[in-house]
Amino acid sequence: MEMPVLTLNDVRLKIEGKEILKGVSLNVNKGEIHAILGPNGAGKSTLASILMGINGLSAPTSGEIVLNGDLINGLSIYERARKGLTLAWQEPARFEGLTVEDFLKISGRNNPELNIEKCLLAVGLSPDVYLSRFVDDSLSGGERKRVELASILALKPNFVILDEIDSGIDFTSIEDFQAVLDDMKKDGMTILMITHNEKLLSSADRASLLCNGKIVKTSDPETIKKRFEECKVCEVLDFEQRESHKEEVR
Amino acid sequence: MKDVKNGILDNLFQLGLPKEILTNPSMIIEGHDVVREVPYPGIVLEKKIYEDRVDVSLTVLPDVKVDKPVHFCLSKLGTGDQLVNIEVNVGENADIKLVSHCAFKGGKIDHRSRTKFKVAKNASLDVTEIHYHSEDTDIVIEAYAEGVVEESGFYKSLFKINTAKAGKVNIKYKVDVLDYANVDLEAKIAGKDGDEIYVNDVIYLKGKHSRAIAKSRLMALGNTVAEFYGETYGFGDYSRGHIDCSEVIRSNEAKLKAVPIVVVNNETAKVTHEAAIGSLDKKQLETLMSRGLSEDEAVEVIVQGMLR
Ligand SMILES: Nc1ncnc2c1ncn2[C@@H]1O[C@H](COP(=O)(O)OP(=O)(O)O)[C@@H](O)[C@H]1O
Ligand SMILES: [Mg+2]
């Protein structure tokens, strides 16, 4: 029996009267790479935000978020981080006056085996060039996202949410990125990976399809990919409408 | 006597003074006493010590390129006043980088400096003034610098308070910029509860093709008053000026003000400005907190980065 490290029970979120998450239920097992697929606007980043407690979303309107057996609804960001949870941003922040070296050291300050050179090499950045660079606007989007990944390796969390970390990255081959995922997995991390990339999806152990604020299916990556393709066909429709529409057609 | 001086140095190093002050050309002034000097060929350093002040003059002879930073240290350890009059003359084609360390520890301290400078034709003067204030100091800082940058000269000044406590700070720079000369002024200060920060840059672009930038970055992290007045006068033909002020507010008790003043009386001149007051970037804070830093620790990292 697999043990879930993260459980969402009927998580709902209303922002200004609009329901964005409409009852998300999900189990993520220890040590797995769990992919989240879904069309634009499905609520993937909102889900990531409510898990980490960012963007002013510290608790859902209703439902439970349970990490390692503890209810984390309402906890602050750093309380969640100290329970081993972290997030790699879809569009990471820029910092004035902070070098890559500073940033990785801050991220890895409680990691006794911290080796920042190794973290940079793992994401394809040369320490000689990048340690002294600033994590500001002078980094390209792709470089900044690699640094974000390196900082996750430095931190070595128990659980990481990767929000479209592949978008905008010019990994010469996606295998580089798969290798990073392997490193993370080897380090014992559990990964919730929001992605559109098919190759990355194949690295996942399981996947879930998020559509219109709901997890509509959790299964093996291949099955979810097929389901996602169908879902994309009539993206403009509400998923439930779409299901009934399909029934009618049949 | 030597022991007393060692005691002073130990205190200064504890406050953050870099050790290279011992080997580089330098002068250390504690209160109204010159406690240490390291000379350098081509630099004439003179001092006059009075009961209530010290007058210092530094002259770089023409054509002398000083190949390492010259350090000044103005310190006051414990309650009292310090008044230092400084005259800096950089001769034609000479080149110097000055680092002025201002270190204050404990008690009630009133520090005033008056600087007059002249950067001659083709010369360059690059000044960094770094302040170290211990938490337990009740401090008033008044720094006034006035000078002229002659033809094709270069003057750069960076003023920053490295420690969290600023105190009551009033700094004013007034610079005349002559033909083809270039000036760059910058101030970076973070204030906490009870701190008051006033920065005033006045630049006269008198010469043709003269250029200047006045930049300030003030942060109000508590019940702080912070005001920046940047005045730039575009008088010379094709003179160019820019005022850039950004202030960060992190308390409803803070009072911030940014006032750019632009005066131009020459149709070929151009002076621009930008001013912004806003809160710390939320995403930066959240990113650091998602790495396990508390909110206060995250603020400290961001502020230190901005002060760098
Ligand atoms: N703060 C907010 N206020 C109002 N609507 C929001 C807010 N955040 C997200 N949304 C809306 O919620 C939906 C899901 O957004 P998001 O989670 O970013 O989607 P995804 O990451 O799947 O593309 C979108 O329709 C978006 O416009
Ligand atoms: Mg998104």
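Val99(B) belongs to strand S7 (residues 95-105) of chain B, strands being DSSP runs of E with at least two residues and helices runs of H or I with at least four, numbered from the N terminus. Apart from neighbours within four places in sequence, Val99(B) contacts Pro69(B), Val70(B), His71(B), Phe72(B), Thr128(B) and Ile130(B), where contact means heavy atoms within 4.5 Å. With a relative accessible area of 10%, Val99(B) is buried; buried means under 20%, exposed over 50%, and partly exposed in between (1.4 Å probe, protein chains only).

The model is predicted, with local features requiring pLDDT of at least 70 and side-chain atom pairs pLDDT 80 or more, whereas totals for chains, interfaces and linings use all residues. Residues are numbered from 1 along each chain as its sequence is written, chains are lettered from A and ligands numbered from 1 in the order written, and side-chain values use heavy atoms, without hydrogens and water.

Ser45(A) lies in helix H1 (residues 44-52) of chain A and Gln90(A) in the loop between strand S6 (85-88) and helix H3 (100-107) of chain A, so the pair ties together parts 45 residues apart in sequence. Ser45(A) is partly exposed at 30% relative accessible area, as is Gln90(A) at 25%.
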